[in-house]
Amino acid sequence: MGVLVGATALVLAVTGTASAHPAHHTAPDRQVLPARDGWAAYGTGTTGGAAADPAHVYTVTTWEQFKAALADGGSAPKIVRVKGTIDADGPGCDAFAVPGYDFAAYLKTYDPAVWGRARTLDAEPDDSPEGLRRASAARQDAFIKAAVPANTTIVGIGRDAGFKGASLQIKGVDNVIVRNLTFESPLDCFPQWDPTDTADGNWNSEYDSAVVHGSTHVWIDHDTFTDGDHPDSTLPSYYGRIHQQHDGELDVVKGSDYVTASWNVFEDHDKTILIGNSDSAATAAVDRGHLKVTFHHNLFRNLVERAPRVRFGQVDSYNNHFVAGDGYSYTYGIGMESQLVAEHNAFTLPDGVRAGAVLKKWKDAPVTAADNYVNGRPVDLLAVHNAEVPGETLRADAGWTPELRTRVDRPQAVPGIVGRHAGAGRLH
């Protein structure tokens, strides 16, 4: 390949394990998902690139090397070892802008006082400020997205491995592992103004740190997802609305199935995780019966909403610690035909935030919520929600019982356990 560094580094024998914790004698890049460890263990299980031969093990230190490693060898098992922090922002926003694009002209043209709030910008021609924005956005899109093939393990080496501004696209593939990486959320250089989004309009952005799109058997483990140096509080406002440059941290959409997210940190973000991205009939036809996802032993800290927001899928969320901060809206979004089981979790809520806010009803769907603790005390989340938000009553009993779990810790112990072991840089 030429651009790849140490392509045969740390090539070890393939040794899977069925225990709750991968065997210590197996290097992290060869570890497979333990048996029964969430939905990603269903059926064939998730082994990623554990069977990679020496020619398909890569150590990368730049964005170009990373994308080249992913593209090499098709769907043959491969291991991509990320060393250090890789900047996927490339040359920066100015370099992505096409000739003629001018943000000041964009603001002047689509000012609600001029354009109004009744029509979108979708019909704007290619040579308009919106058309030039679209063309600029397409250039950024092509640069910061990386397509992850089937049978791949992506693993950070050491404590400081990760990406700034990257968007991993796990799209239409099976059997992927992503571990021990810090993802600083990509910044959309060219958000679109939508005058019709709410009564006041909104800036809408693209690019999740990771997207699971029409894919199966995906294990996201010991990663950290954060806005890092660019939290929403640093973003400017135009037309009285925040110039939003962040999308999600992790989305699971378009009929994806059998996903486990374990021992991760999701922090300092607004719209965090989406399971199913639309209520539409077309989306329902794709998602119904799919979107089976497990979240366990994750730390959700200083988030506004969507941890996760769920449509359709059977989602098992247990042994997670949720720490609310400024701007907190809700944790679990209950959406169309969702079947959420939320058990044995711990919630730390500040003064002024009531436990009824943990659940948010978007559509009528049943929920199982048992053995959850709020600020160290047992709380029936469903009963409290229905008492505090009587206009959004939720039904009990998701209608299924999760069976793919390894160890289940007492919720009282979860904050300590998760605080010590979740996130990137803590994988042995």
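In the predicted model, eight strands form an open sheet in the order 3-5-10-15-18-21-24-27, with parallel pairing; two strands count as paired if DSSP finds at least two bridges between them. Strand 3 and strand 27 (359-361) stand at the edges with a single partner strand each, so one side of each has no neighbour in the sheet. Within this sheet, strand 18 (residues 273-275) and strand 21 (residues 309-310) pair in the parallel sense over 2 bridges. Leu274 has Arg309 of strand 21 as its bridge partner. Strands (E, at least two residues) and helices (H or I, at least four) are DSSP runs numbered from the N terminus.

Residues are numbered from 1 along each chain as its sequence is written. Because the model is predicted, local features need pLDDT of at least 70, side-chain atom pairs count only at pLDDT 80 or more, and totals for chains, interfaces and linings use all residues, while side-chain values use heavy atoms, leaving out hydrogens and water. The average pLDDT (the predictor's confidence in each residue, from 0 to 100) is 93 for the protein, and 94% of the residues score at least 70. Over residues 1-21, however, the pLDDT is below 50; this stretch has 50 contacts in the model beyond near neighbours in sequence, a contact being heavy atoms within 4.5 Å.

Helix 5 (residues 129-144) comprises 16 residues and spans 23 Å from its first C-alpha to its last, close to the 22 Å expected at 1.5 Å a residue; the expected span is 1.5 Å times one less than the number of residues. Its buried residues (under 20% relative accessible area, 1.4 Å probe, protein chains only) are Glu130, Gly131, Leu132, Arg133, Ser136, Ala137, Gln140 and Ile144. The elements against which these residues pack include helix 1 (63-71), strand 3 (145-147) and strand 5 (167-171).

His217 lies in strand 11 (residues 216-221) and is buried, with a relative accessible area of 8%. Although His217 and Ala41 are 176 residues apart along the chain, their C-alpha atoms are separated by 7.3 Å. Among the residues that His217 touches, not counting those up to four places away in sequence, are Ala40, Tyr42, Asp174, Asn175 and Asp257. The side chains of His217 and Asp174 are joined by a polar contact of 2.8 Å, that is, a pair of N or O atoms within 3.5 Å, of which, within protein, one must be able to donate a hydrogen and the other to accept it; residues adjacent in sequence count only if both atoms are side-chain atoms.

Technical notes: Buried < 20%, exposed > 50% of the residue type's maximum accessible area, 1.4 Å probe, protein only.
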